Amino acid sequence: MECRIRWSGEGMSFIAETGSKHVLMMDGAPEAGGRNLAPRPLETMLAGAGGCTAFDVVLILQKGRQAVTGCDVTLSAERAETDPKVFTRIHFHFRVTGKGLRPESVARAIELSHDKYCSASIMLGKTAAITHDFEIIET
């Protein structure tokens, strides 16, 4: 996997080009010289962990023949107060939508993602206490 990051030449905006040829912009906060044009780099890291685990949960539920129709994950994180300001706590709240979803299947999918498959959240778990909960929305 590769990624190239290029400073835009203005403020604190950076453009990332991924190995799969997708582009992502990142920017700093105004108090740090940014113009608030795009997510902060650590916000993209948090979003990546959310996307990674949501992907796993949907795939696991589909493979388990669960009628999943939606999956939203809200992440809330705390960071250390001193440098390096790593994530110290991250909570994942899943809202899984579907017809007749079994709570034990949803719980198991989340656990498998957290413990085995989601590389992003497993890496972040090296510095952060990670918790999760879920709710099921019947359609």
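**Entry 1: Ser113**

I looked up the contacts of Ser113 (contact means heavy atoms within 4.5 Å): leaving aside neighbours within four places in sequence, Ser113 touches Thr53, Asp56, Val57, Ile60, Cys118 and Ile122. I am working from a predicted model, in which local features need pLDDT of at least 70 and side-chain atom pairs count only at pLDDT 80 or more, while totals for chains, interfaces and linings use all residues. Residues are numbered from 1 along each chain as its sequence is written, and side-chain values use heavy atoms, with hydrogens and water left out.

I placed Ser113 in helix α2, residues 103–117. Helices (H or I, at least four residues) and strands (E, at least two) are DSSP runs, numbered from the N terminus. The cut-offs are under 20% relative accessible area for buried, over 50% for exposed, and partly exposed in between (1.4 Å probe, protein chains only).

**Entry 2: salt bridges**

I used this rule: a side-chain nitrogen of Lys or Arg lies within 4 Å of a carboxyl oxygen of Asp or Glu. The count by this rule is four salt bridges.

- Glu10 bridges to Arg35, with the closest N and O atoms 2.7 Å apart. Glu10 sits in the loop between β1 (3–7) and β2 (14–18), and Arg35 in the loop between β3 (23–26) and α1 (41–63), so the pair ties together parts 25 residues apart in sequence. Glu10 is partly exposed at 45%, and Arg35 is partly exposed at 45%.
- Arg95 and Glu135 form a salt bridge at 3.6 Å, N to O. Arg95 is in strand β5 (residues 87–99) and Glu135 in strand β6 (residues 129–138), so this pair ties together parts 40 residues apart in sequence. I read 35% relative accessibility for Arg95, which counts as partly exposed, and 30% for Glu135, also partly exposed.
- Arg102 and Glu104 meet through their side chains at 3.6 Å, N to O. Arg102 is partly exposed at 40%.

**Entry 3: the sheet**

I looked up how the strands are arranged. Three strands make an open sheet in the order β1-β2-β3, with antiparallel pairing. β1 and β3 are at the edges with a single partner strand each, so one side of each has no neighbour in the sheet. From one strand to the next, the twist averages 20 degrees; axes are lines fitted to C-alpha atoms, for helices over the stretch in contact, and angles run from 0 to 180 degrees between N-to-C directions.

Two strands pair if DSSP finds at least two bridges between them. I found β2 joined to β3 by four bridges. Ala16 has Leu24 in β3 as its bridge partner.
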